[in-house]
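Take a look at the structure below. We will walk through it part by part.

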Amino acid sequence: MPKFKFIDLFAGIGGFHIAMHDLGGECVFASEINKYAIKTYFDNFGISSSNDITKVPEQAIPKHDVLCAGFPCQAFSKAGKQNGFEDTRGTLFFDILRILKYHKPKYIILENVRNLVSHDKGLTWKVIHKNLVDLGYLIPHKPIIISPHQIGVPQLRDRVFIPGILKEFSNQKELKIVVPESKRNITQANNALNSSSNGEFAISNYEEYVLSAWDEFLQGLENKTIGFPIWANEFTKNDNISDLPSWKQVFILKNRKLYKDNQKHIDGWLKKHNYLKDFVRTHTKFEWQAGTSLKSVWDGIIQFRPSGIRVKRPTEFPALVAMVHIPIIGWEKRRITPREAANLQKFPQNFKINPNPQQAYKQFGNSVNVDVVKFIAKQLFSYG
Ligand SMILES: C[S@@+](CC[C@H](N)C(=O)[O-])C[C@H]1O[C@@H](n2cnc3c(N)ncnc32)[C@H](O)[C@@H]1O
């Protein structure tokens, strides 16, 4: 595609910006309200994105060929019976629509969380689709759901993309975006690791103790294919559980059977670790999601989650989300660094990262994956 102009709404730290720039785009307007994101954006692109989009008149926005918007997953509770423009008033999607109505850019690329598809029993998607089509855009019939691991980037992160082209520019009747099958067996999380963390991101002594204990637990089991969450507090209990929801009863019964099948090992393990009395409660739960492919906890990618300690194969990292559950690289006994979070989101090596790691994790957790945007945009731009 020849040189073009784009606008970056809900710009965050510029995942769309980098992708569009790499494809020949020039940013003519950006909008963001978070002061830390605004600073990171300015430090990297020299553009002030400090605009609350709800307060910017559409006439004040420069002409552009592509509108990009990774809009926040704000509820669309206002979607009403008519599914029309008026129904979206008060939502941030309304602001996207009024800009589109005025400027009619040739292309749009919207991004949102996967739940958008099922939100309000599918009505939200219908409202979005209908409004964009009414404005003259060719939009895929179904939302595009894609994760970076499908294009060889080692992160599992399902997101919804809504690309569109103004009908008058395309001689096609349908907009089809091809999404490849998972490439999960050939990518390795290792590809994203390049930091020496000089101890700053090392797990704590407590975390190492707890993980070592769970590793011992695992080593002594007869059968390591555990397809359910392990709740250590349930092992030795025998109370009536018939009042509990059925899914919970199933898990508890499986835990009690696991205990019976491995009683000698588990009794010794519980005794050695003071019946897990020193464990934070959520750490008495263990989610082994690596089947028989890994020999040890330390071979996996680990997360301390509210539902328990989760261990997965090192083929891909779990989705980065804001600041919580930062993935731990088992074999290095440390969390990923902000630079590695940037790698997982495909931000370039020269990207200036916020020096506060908590802010940096949050920013990359909120951002869009640069390579996925490029992947969608290249197909979209071939339509006209
Ligand atoms: C999901 S994030 C998008 C991140 C971005 N795509 C990136 O690559 O970093 C949504 C962003 O919208 C911003 N936002 C929310 N309300 C806004 C508004 N009224 N005007 C401008 N930005 C807004 C939030 O601060 C947040 O950074």
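The centres of domain 1 and domain 2, taken over C-alpha atoms, are 38 Å apart. Domain 1 covers 4–183 + 364–381, and domain 2 covers 196–336. These bounds come from an automatic or database domain assignment. This is a predicted model: local features need pLDDT of at least 70, side-chain atom pairs count only at pLDDT 80 or more, and totals for chains, interfaces and linings use all residues. Residues are numbered from 1 along each chain as its sequence is written.

Where the domains meet, domain 1 supplies 8 residues to the contact and domain 2 supplies 9 residues. Two residues are in contact if their C-beta atoms, placed from the backbone, lie within 7 Å. On the side of domain 1 that touches domain 2, 3 residues are nonpolar, 4 are polar and 1 is charged. Here Ala, Val, Leu, Ile, Met, Phe, Trp, Tyr, Cys and Pro count as nonpolar, Asp, Glu, Lys and Arg as charged, and the others, Gly among them, as polar.

Now find the ligand. It is surrounded by 20 residues, and the closest are Phe10, Gly12, Gly15, Gly70 and Ser367. The shell holds 9 nonpolar, 9 polar and 2 charged residues.

The largest nonpolar core has 90 residues. Such a core is a set of buried Ala, Val, Leu, Ile, Met, Phe, Trp, Tyr and Cys residues joined through C-beta atoms within 7 Å. Buried means that 20 or more other C-beta atoms, placed from the backbone, lie within 10 Å of a residue's own. Helix α10 (residues 370–381) gives the most to this core, with 8 residues. Leu67 is one of the residues with the most contacts inside the core. Beyond its neighbours within four places in sequence, Leu67 touches Ile7, Leu9, Ile99, Leu100, Pro105 and Ile108.

Strands come last; they are DSSP runs (E, at least two residues), just as helices are runs of H or I with at least four, all numbered from the N terminus. Strand β2 (residues 25–31) is largely enclosed by the rest of the structure, because 5 of its 7 residues are buried. Strand β1 (residues 4–9) pairs with β2 in the parallel sense over 6 bridges. Two strands pair if DSSP finds at least two bridges between them. Lys5 stands opposite Glu26 in β2.

Definitions and conventions: Near = placed C-beta within 6 Å. Buried ≥ 20, exposed ≤ 12 C-beta atoms within 10 Å, placed from the backbone.
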